[in-house]
Amino acid sequence: QVRLVESGGGLVQAGGSLTLSCAAFGISVGINNMDWYRQAPGKQRELVATITRGGGVVYADSPKGRFTISRDLAKNTVYLQMNSLNSEDTAVYYCHTTSWGRDYWGQGTQVAVSS
């Protein structure tokens with residue numbers, strides 16, 4: 001069975017950094033495209049970053065230059081390094097992948113940025 005387990009969220013001051021982790025079970029992060037989404041209170045869920053099977057990366061406009069998505073194949077884990085955080089980054093962050101037409105989501109990890 002596919003399972004995505006997220007960790008690393010928390011409360012951070014504006015300008016600070018956090019690194020989120022997504023440990024994958026039942027799939028390989030080296031075979032599947034992996035995504036990070038986020039959903040702020042009262043807002044729709046939005047795509048933040050993608051790392052492709054080949055290792056290419058794509059970012060949404062707002063985190064571009066501040067966030068870095070990466071993976072550790074040995075640990076079968078995807079990361080989202082977040083720098084220069086601001087209040088607009090406050091959201092629940094979700095790991096996501098699609099395998100054989102099915103969507104799989106992590107449980108979400110809360111990121112709260114205070115000033």
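Colleague: Which residue in strand 8 is the bridge partner of D72?

Modeller: In strand 8, T77 is the bridge partner of D72. This is a predicted model, in which local features need pLDDT of at least 70, side-chain atom pairs count only at pLDDT 80 or more, and totals for chains, interfaces and linings use all residues. Residues are numbered from 1 along each chain as its sequence is written, and side-chain values use heavy atoms, with hydrogens and water left out.

Colleague: How do you know that strand 7 and strand 8 pair?

Modeller: Strands are DSSP runs (E, at least two residues), numbered from the N terminus, and two of them pair if DSSP finds at least two bridges between them. Six bridges join strand 7 (residues 67–72) to strand 8 (residues 77–82), and therefore the two are called paired. They run antiparallel. Their hairpin has four residues between the strands, and N76 takes a positive phi near 50° there.

Colleague: What is the strand order of the open sheet, and why do strand 1 and strand 7 stand at its edges?

Modeller: The order is 1-3-8-7, with antiparallel pairing. Strand 1 (3–7) and strand 7 each have a single partner strand, so one side of each is left without a neighbour in the sheet. Strand 1 pairs with strand 3 (residues 18–25) over five bridges, and F25 is the bridge partner of R3.
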